[in-house]
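This report examines the packing, the surface and the local geometry of one protein chain. The sequence and the model are shown first, and the description follows.

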Amino acid sequence: MKGGRTKAGGIQTKIGNHSFRATGITAYLKNGGKLEIAQQIAAHESSRTTGLYDKRDDDVNLDEVERISI
C-alpha cells in the first residue's frame with residue numbers, strides 16, 4: 001500500500017502484501033501450525049522462503065526491554 005489509508009489510520013510504517021503474508025504465517029506458527037503446512041498455504045516451493053516470513057524470533061519480551069537503563 002502506498003500509504004494513503006495506512007497514514008489516515010495513524011500507521012506510519014510501510015505496509016505491503018508481504019507484511020500481511022508475514023503476519024499470517026507468523027500467527028499460524030505461533031498457534032502451533034507446522035512450517036510445512038504454512039509452506040503449502042503460502043504456495044512456496046521452498047520452506048526456506050516460508051521461513052523468511054516467520055517473525056516469531058522478532059518478538060522482544062518485557063524482561064529484555066527492562067534491561068535497558070540510561
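## A buried histidine and its surroundings

His44 counts as buried because its relative accessible area is 13%, which falls under the 20% limit for that class. The model is a predicted one. In the chain, His44 sits in the loop between H3 and H4. Beyond residues up to four places away in sequence, His44 touches Arg21, Ile25, Gln39, Thr49, Thr50 and Tyr53.

Two of these partners can be followed further. Thr50 belongs to helix H4, which spans residues 47-52, and is buried, with a relative accessible area of 0%. Setting aside residues up to four places away in sequence, Thr50 touches Ile25, Leu35, Ala38, Gln39 and His44. Ile25, for its part, is in contact with Ala38, Ala42, His44, Thr50, Tyr53 and Asp54, once its neighbours within four places in sequence are left aside.

## The nonpolar core

Which residues make up the largest nonpolar core? The set has six residues: Ala22, Ile25, Leu29, Ala38, Ala42 and Tyr53. H2 and helix H3 (35-42) are the elements that give two or more residues to this core. The most comes from H2, with three residues.

Ala38, Gln39 and Ala42 are the buried residues of H3. These residues lie on the same side of H3, because the arc they cover around the axis is only 105°. An α-helix has 3.6 residues a turn, so residues three or four places apart point the same way. The buried residues of H3 pack against H2 and H4. On the other side of H3, the exposed residues are Glu36, Gln40 and Ile41.

H3 is followed by Ala43, which has a positive phi, near 60°. This positive value occurs in a residue other than glycine. Ala43 lies in the loop between H3 and H4. With a relative accessible area of 67%, Ala43 is exposed, since the exposed class begins over 50%.

Tyr28 is found in helix H2 and is partly exposed, at a relative accessible area of 27%. Leaving aside neighbours within four places in sequence, Tyr28 is in contact with Gly33, Lys34, Ile37, Ala38 and Ile41.

Lys14 lies in the loop between helix H1 (4-8) and helix H2 (17-30), and at 80% relative accessibility it counts as exposed.

| Residue pair | Separation in sequence | C-alpha to C-alpha distance |
|---|---|---|
| His18 and Lys30 | 12 residues | 18 Å |
| Lys14 and Gln40 | 26 residues | 27 Å |
| Tyr28 and Val60 | 32 residues | 19 Å |

## Surface patch and salt bridge

Where does Val60 lie? Its place is in the loop between H4 and helix H5 (62-65). Val60 is exposed, with a relative accessible area of 58%. Together with Leu62, Val65, Ile68 and Ile70, Val60 makes a nonpolar surface patch of about 620 Å².

How many salt bridges does the structure hold? There is one. Side chains of opposite charge can pair when their charged atoms come close. Here the side chains of Asp54 and Arg56 meet, with an N to O distance of 2.7 Å. Arg56 is partly exposed, with a relative accessible area of 36%.

Methods
Residues numbered from 1 in each chain as written. Predicted model: local features only at pLDDT ≥ 70, side-chain atom pairs only at ≥ 80, totals over all residues. Heavy atoms only, no water. Helix = DSSP H or I, 4+ residues; strand = E, 2+ residues; numbered from the N terminus. Buried < 20%, exposed > 50% of the residue type's maximum accessible area, 1.4 Å probe, protein only. Contact = heavy atoms within 4.5 Å. Core = buried A, V, L, I, M, F, W, Y, C linked by side-chain atoms within 4.5 Å. Patch = residues over 30% accessible without salt bridge, like charges linked within 9 Å, V, L, I, M, F, W, Y side chains within 5 Å. Areas by Shrake-Rupley, 256 points an atom, 1.4 Å probe, with all protein chains shown as cover. Salt bridge = Lys/Arg side-chain N within 4 Å of Asp/Glu carboxyl O. Arc of directions from axis to C-beta.
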